[in-house]
Amino acid sequence: MNAPEPAVTSPMPHVMNTYGRLPIALAYGRGAWLWDTEGRRYLDGLGGIAVNTLGHGHPKLVPALQDQVAKMIHCSNYYEVPLQEQLASKLCEVSGLSSAFFCNSGMEANEGAIKIARKFGHDKGINRPEIIVYEKAFHGRSIATLSATGNPKVQKGFEPLVEGFVRVPLNDLAAVEHVAKTNQNVVAVFLEVIQGEGGINQTRAEYLQGLRRLCDANDWLLMLDEVQCGLGRTGKWFAHQWAGIKPDVMPLAKGLGSGVPIGAIVVGPKAKDVLGPGNHGTTFGGNPLAMRAGVETLRIVEEEKLLENAATVGAVLREALQAGLAGESGVVEYRGQGLMIGIELDRPCGVLLGRAADAGLMISVTADRVIRLLPPLILTADEARQIAAILCPLVKAFLAEPVASAK
Ligand SMILES: Cc1ncc(COP(=O)(O)O)c(C=O)c1O
């Protein structure tokens, strides 16, 4: 008699199965390097999906957080939290906006932005406010933010969706002008300056400038989701600053706390008085530990000139990738800016995630066929070249395989 097949058991049987995970458990990190529980080393081209701004174990961040943990981790928003004011004023300084609300994630920041837009509409007598959103957008996985998201896979199974969103294609100003002419209920335009999950799709500077004009002309809020592309990743504090415009509402999260969970809605004069006491809140939002992480992250980014580093090392990385993949007809396009880079292939390439990890490199694949790199902003030029040196041969070998092997 044959021996019974061993039962396939999950290494995390008590954790709800909501992610497709690789069989790797990361144990610790230093700078742009990670080690797993087996002692294998990886170069971090992913930065926890644009979260680990300062890499891992940063020698200035760690003692600051240890100090804060010892002083105070949480206190209620019944009281003043001086670190909230410190972080808010710094965010206002670098964005040119007016005030901030703190929460705990990107989805929460976007949920708050949607509430601001709706209340802004109600305050001026629009009882069924609508928000212009985008094809291929990603704004989170709460019911309202997944409704604003432009990916049917994220929405499937969670209908009925929240109403009040009008969808348009990216970079098509005529489509927004058409909505302006035909829909009196619009109160805001809501978009990522560079779509992250949607495949590193950039909004053109003239398009953003056109949206700013349309928002001003129609008394709409311009709401720019900088959750993934903000906080220095493109070489400026915020990606929209390359277009020389300012939003009215800017949700942030991910890189703001260098790994400590945090979210923020930063608003300009048009939106700053929309919410008042009792309109919005969250127990954990603005807690001293997260605020200290934000304050120290922004301070260290400035002190170590990481905006400049993102721009220059991003250029090195992109050049090395382009050189390493020169002549590959399966590469459709290189996109992104600074240390937010997408390489679109002509076929689905999810298998590269595991193959890169096996070769000692963390990457992401998004929108099925886009290799995405979001390394920490402390990446060195030498590490950038190492990323390309590991990744390019894997991509070449993959593109040489019959298409059927792609997953
Ligand atoms: C642009 C954008 N907005 C919002 C979110 C949601 O953020 P979170 O996962 O922190 O809820 C993400 C996450 O990937 C994002 O990329």
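The backbone oxygen of glutamate 135 lies 2.9 Å from a polar atom in the side chain of glutamine 195. The model in which this contact occurs is a predicted one. Glutamine 195 belongs to strand β8, which covers residues 194-195. Its relative accessibility is 2%, and because buried means under 20%, glutamine 195 counts as buried.

Leaving aside residues up to four places away in sequence, glutamine 195 touches Tyr134, Glu135, Lys136, Ala137, Leu170, Ile200 and Asn201. One of these neighbours, lysine 136, has a backbone feature of its own: its phi is near 70 degrees, a positive value in a residue other than glycine. Lysine 136 is placed in the loop between β5 (130-134) and α5 (143-148).

## Overall architecture

The secondary structure of the protein consists of 12 helices and 17 strands. The C-alpha trace spans about 70 × 55 × 55 Å along its principal axes. For 407 residues, a compact globule would have a radius of gyration near 22 Å, and the value for the protein, 22 Å, agrees with this.

Of the 407 residues in the protein, 53% are buried. Among contacts between residues at least 6 apart in sequence, 72% join residues at least 24 apart. The accessible surface comes to about 18500 Å², and carbon and sulfur atoms account for 55% of that area.

## Helix α11 and its surroundings

Which residues of helix α11 are buried? In this helix, formed by residues 351-358, they are Val351, Leu352, Gly354, Ala356 and Ala357. The buried residues pack against five strands and a helix, namely β3 (41-44), β14 (340-345), β15 (361-362), β16 (364-366), β17 (370-373) and α12. After α11 comes glycine 360, with a positive phi near 90 degrees.

Helix α12, one of the packing partners of α11, comprises residues 381-400 and includes alanine 400. Alanine 400 is exposed, its relative accessible area being 66%. The C-alpha atom of alanine 400 is separated by 9.0 Å from that of glycine 330, although the two residues are 70 apart along the chain.

## Aromatic pairs and charges over rings

Three aromatic pairs are found in a search of the whole structure. In one of them, the ring centres of tyrosine 28 and tryptophan 35 are 5.2 Å apart and the planes meet at 10 degrees, so this pair is stacked. Another of the pairs joins tyrosine 78 and tyrosine 79, whose ring centres are 6.2 Å apart with planes at 70 degrees; this pair is therefore edge-to-face. Are tyrosine 78 and tyrosine 79 buried or exposed? Tyrosine 78 counts as exposed at 74% relative accessibility, and tyrosine 79 is likewise exposed at 57%.

Arginine 41 is positioned over the face of tryptophan 33, at 3.8 Å from the ring centre. Over the ring of tryptophan 242 sits the charged end of lysine 236, 4.6 Å from the centre.

## Backbone features in loops

Where is a cis peptide bond found? One joins glutamate 159 and proline 160, with omega about 5 degrees. Proline 160 is part of the loop between α6 (152-155) and β6 (165-168).

Serine 258, which is not a glycine, has a positive phi of about 50 degrees. The loop that holds serine 258 runs between β11 (249-252) and β12 (263-267). With a relative accessibility of 8%, serine 258 counts as buried.

## Alanine 174 in helix α7

Helix α7 extends over residues 173-182 and contains alanine 174. At 47% relative accessibility, alanine 174 counts as partly exposed.

Terms used: Residues are numbered from 1 along each chain as its sequence is written. This is a predicted model: local features need pLDDT of at least 70, side-chain atom pairs count only at pLDDT 80 or more; totals for chains, interfaces and linings use all residues. Side-chain values use heavy atoms; hydrogens and water are left out. Rings of Phe, Tyr and Trp (its six-membered ring) pair if their centres lie within 6.5 Å; planes under 30 degrees apart count as stacked, over 60 as edge-to-face and the rest as tilted. Buried means under 20% relative accessible area, exposed over 50%, partly exposed in between (1.4 Å probe, protein chains only). A charge sits over a ring if NZ of Lys or CZ of Arg is within 6 Å of the ring centre and within 35 degrees of the ring normal. Helices (H or I, at least four residues) and strands (E, at least two) are DSSP runs, numbered from the N terminus. The radius of gyration is taken over C-alpha atoms; the globule rule is 2.2 Å times the number of residues to the power 0.38. Contact means heavy atoms within 4.5 Å. Accessible areas come from the Shrake-Rupley method with a 1.4 Å probe; for residues, only the protein chains shown count as cover. A polar contact is a pair of N or O atoms within 3.5 Å; within protein, one must be able to donate a hydrogen and the other to accept it, and residues adjacent in sequence count only if both atoms are side-chain atoms.
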